Amino acid sequence: MSIPENHAKQSKGYLKENSASSFNFDYKRIFFETIRHWWLFIITLGLAFGTVYMLHRYTKPVYSATMSLLIEERGSEQPQNSMMEGFGLSSGMRTIDNQIAILKSWEMFRFAINELDFNLAYFKAGRIKDSEIYGSDNPFTVLFDSAAPQLINTPIYLHHIDDSHFQLTVDSENGNTNSTFIYKQERTGSGFDRIHFQETFRYGDVIETPWLKITVNNNSLNEPDINGYYFEFYDPNALATQYQRYFQAVKADENSSIVHLAVTGFNSAKNIIFLNTLSKVFIRNNLEKKNQIATNTIDFIEGQLLSVSDSLTQTGSALSKFRTDNQLQSISEQTKLLFTRLETAKNQILELNISRNYYQYLNNYFSADTVFSTTIAPAAFPIQNTLISNQILSIIEMNNERQRIGLDRNPLIREMDEKLEVARRTLLSAINSQIQIIDSDIKRLQTVQIETSAQLYQLPETERKLLGIERKFDLNNEVYTFLLRKRSESQIQKASNTPDHSVLETAKHAGQIHPIASRDRQRALIVGLLLPILFVVAKQLFNDKITGSDDIERLTTLPIIGHILHNTKDDNDVVHQHPKSVVAETFRRIRTRLEFLTQNINTPVVAVSSSMPGEGKTFCAYNIASVFAIAGKKTVLVGFDLRKPGLNRLLKTETGLSQYLINKAQLKDILVASKQDNLSILPSGTIPPNPAELIASPRTAELFDELRKEFDVVILDTPPMGIVSDGYMLARFTDSVVFLTRQQYTVKAAFISAIRQMNDEGVKNIGILINDIQQKKGILKYGYGYGYGYGYGYGYGYGYGYYEE
């Protein structure tokens, strides 16, 4: 973009619309900055892969085992109106979700742990990490007394000495872990604050301490080992909790009855054995629950049989004796009819009494306070009241659901207890009503008995007595036969019961799940490549400094008139002392652009300012003045930075502009001739207490009038515009302003603030100059609009390039 085009745009405002945004994303800069930080990739990749190596070297591997179960939903096909048939649980008790909940319950894990030998673990101590030994490879065996307390969660080290002796060592000071457990009583024992124990024993001898009672047998230990072995006892309750935490049971899909089981742990063999044992315990538990109802029913029938058997024996003996004593074997038809009616009433009363006994049994069973603390399995008996039958089934379902919720310590347990209590009261009320109905029927039948008995008394006494004994015997015999048949049916049903669940696939090793070398290496590669990129992106996003031309162009519409490379020389007067240097050539290009900005002006006044101190105003102003002097222009450099005079240090003088502004000196007295032709310098002079007032005085206007008459070009070294107002007052006398920024030094917010103030003050003909651009050998640079080749004034080119010093 040309200087006139930018000049035309300045009237529209110096700041772009997006200049207030703090984040600017430049993909090209990200790319070249990423390449420039190639060494970061080496560091991060090395650290990432090193971390993976250390992780795999010191981390104990975790393995997984899997198996599959087929869980069938039975019960819905069985008629529920007869509790005698099937002896199975209702369909609600056998839904897949409920069975999975039972399988995942803590009690189920505890039952499995009881059948395993996981309470004692053996380890081979290693230099880096320890490894567990399980199975037939144990070089020694520890036999412990289950009735004595055993130290848990503490390593007990064993060092083999010879074929007959070994050394046992325990060293623990943590009182929280020095607990004991009595396995036979399934409870914790005493705790110990500090244990430091080391003694030598013989293999096969009993070792007894207050916290240990064991016998160690040597299986295959031959030579002493440097690191040795150790074994450790565990609390079975904690083991059950641990396996429950790392266990999963999920359905194959939503409509499938196949359930996949998985468990993770440090020992693959233990994982497989645990899954097989857990499935066996789960299937056995299911069968036991099914058989429990049948068992209770058989017990109830046995009790009834015992009572009827006694009556049948007594009645049979009485019948035989009566016939022998009275020489009577048959009776008349009328007598048979009356006795039939009488026996029918007695038979009905007997059946009602059996039903009443069963209802009374149910009343006592469900009235117990502890009925809901265990699985509900009342004896089954055919009853006519379907309301009571269905209510019992409903209570059984809710109780099983409560057991599952209780195992998981669900906060809904209170609500479930309330529902169960309401259901129980309803059931007890229905049972009592049914008992009252039965009592009423018994009274009615007893009335029939009395009337029939009265008619019988009119018959011959001998026939009447014989018929009574026969009917009583037949009644007891029928009841006895009925109960025998029902008992046989119950026993057959119990024997034919099979589990609802079966093993579809036995447990098998599913591989190592942590750490996984291939996965961790991929992650290390991604992290190693991503971190440097994120660093570069964050560096750009959160960098609040001006870095190059692209930042300037993104913030302002003002033109960039040049780029000053970093001065590697010791001299500040680079243009005069090193005229063929690259820095000198950049100032020549700036001179050309300033001539565009100040065209048609006889004696242009150019101010050099910036947004903050330390950006190189004095250095740039001196060399701009020097480059105009080399072109044959009679030039003067005026040090208007009265607050921090830089020219005073260069010229080593304290006399200058401040003396002129207070009428203590004339212009000719304070002008200093430089070593360069056509260049004069007017230093700042003594630092005054009121620089702003001096600049605003009429003497300043008189000074510019004199300078315009005597010189061709006037260069002003002014204070920073972002700090004080001196520069804005001087801008009234200038024809152009060179606004300086310094790479990686100028703060964007200060730059924006200064540009906004110049726009508000109406400062015209402003050109941006980027100072102190760093060149690094072999480093790709970007964003400065052009590059310089080696030599004097040659090699202009646009784009990106490698700069070599």
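Modeller: Let me begin with N363, which is buried, with a relative accessible area of 13%. Please keep in mind that this is a predicted model.

Colleague: Where does N363 lie?

Modeller: N363 lies in helix 8, which covers residues 333-367.

Colleague: And which residues does N363 touch?

Modeller: Once residues up to four places away in sequence are left out, N363 touches L428, I431 and N432. N363 counts as buried because its relative accessible area of 13% falls under the 20% cut-off.

Colleague: Changing topic, how many salt bridges are there in the whole structure?

Modeller: A search of the whole structure finds 22 salt bridges. As background, side chains of opposite charge can pair when their charged atoms come close. One of the pairs is E115 with R284, where the closest N and O atoms are 2.2 Å apart. This pair links distant parts of the chain, with E115 in the loop between helix 5 (106-114) and strand 2 (120-124) and R284 in helix 7 (residues 268-326), 169 residues apart.

Colleague: How accessible are E115 and R284?

Modeller: E115 is partly exposed, at a relative accessible area of 35%, and R284 is also partly exposed, at 36%.

Colleague: What about R699, which residue does it pair with?

Modeller: R699 forms a salt bridge with E702, and the closest N and O atoms are 3.2 Å apart. Both residues lie in helix 21 (residues 698-710), three residues apart, which is about one turn of the helix.

Colleague: Is R699 buried or exposed, and how accessible is E702?

Modeller: R699 counts as buried, at 13% relative accessibility, whereas E702 is partly exposed, with a relative accessible area of 37%.

Colleague: What joins E33 and R36?

Modeller: Their side chains meet in a salt bridge, at 3.0 Å from N to O. E33 and R36 both lie in helix 2 (residues 27-36), three residues apart, or about one turn of the helix. R36 has a relative accessible area of 18%, and is buried. Elsewhere, D97, K251 and E254 are linked in a network of salt bridges.

Colleague: Now the nonpolar side. How many residues are in the largest nonpolar core?

Modeller: The largest nonpolar core has 76 residues, and those with the most contacts inside it are F587 and I715. The largest share of this core, nine residues, comes from helix 16 (residues 617-630). In soluble globular proteins, nonpolar side chains tend to be buried together.

Colleague: Which residues is F587 in contact with?

Modeller: Leaving aside neighbours within four places in sequence, F587 is in contact with I564, V575, F619, C620, N623, I624 and V627.

Colleague: And which residues form a nonpolar patch on the surface?

Modeller: W38, W39, I42, I43 and L47 form such a patch, with about 570 Å² of accessible area together. L47 is found in helix 3 (residues 38-58), and L47 is exposed, with a relative accessible area of 56%.

Colleague: Last one, what does the secondary structure come to, and what share of the residues is buried?

Modeller: The secondary structure comes to 23 helices and 26 strands, and buried residues make up 47% of the 805 residues in the protein. Among contacts with a separation of 6 or more, 80% are accounted for by residues 24 or more positions apart. The accessible surface of the protein comes to about 40,200 Å², of which 51% belongs to carbon and sulfur atoms.

Conventions. Residues numbered from 1 in each chain as written. Predicted model: local features only at pLDDT ≥ 70, side-chain atom pairs only at ≥ 80, totals over all residues. Heavy atoms only, no water. Salt bridge = Lys/Arg side-chain N within 4 Å of Asp/Glu carboxyl O. Helix = DSSP H or I, 4+ residues; strand = E, 2+ residues; numbered from the N terminus. Buried < 20%, exposed > 50% of the residue type's maximum accessible area, 1.4 Å probe, protein only. Contact = heavy atoms within 4.5 Å. Patch = residues over 30% accessible without salt bridge, like charges linked within 9 Å, V, L, I, M, F, W, Y side chains within 5 Å. Areas by Shrake-Rupley, 256 points an atom, 1.4 Å probe, with all protein chains shown as cover. Core = buried A, V, L, I, M, F, W, Y, C linked by side-chain atoms within 4.5 Å.
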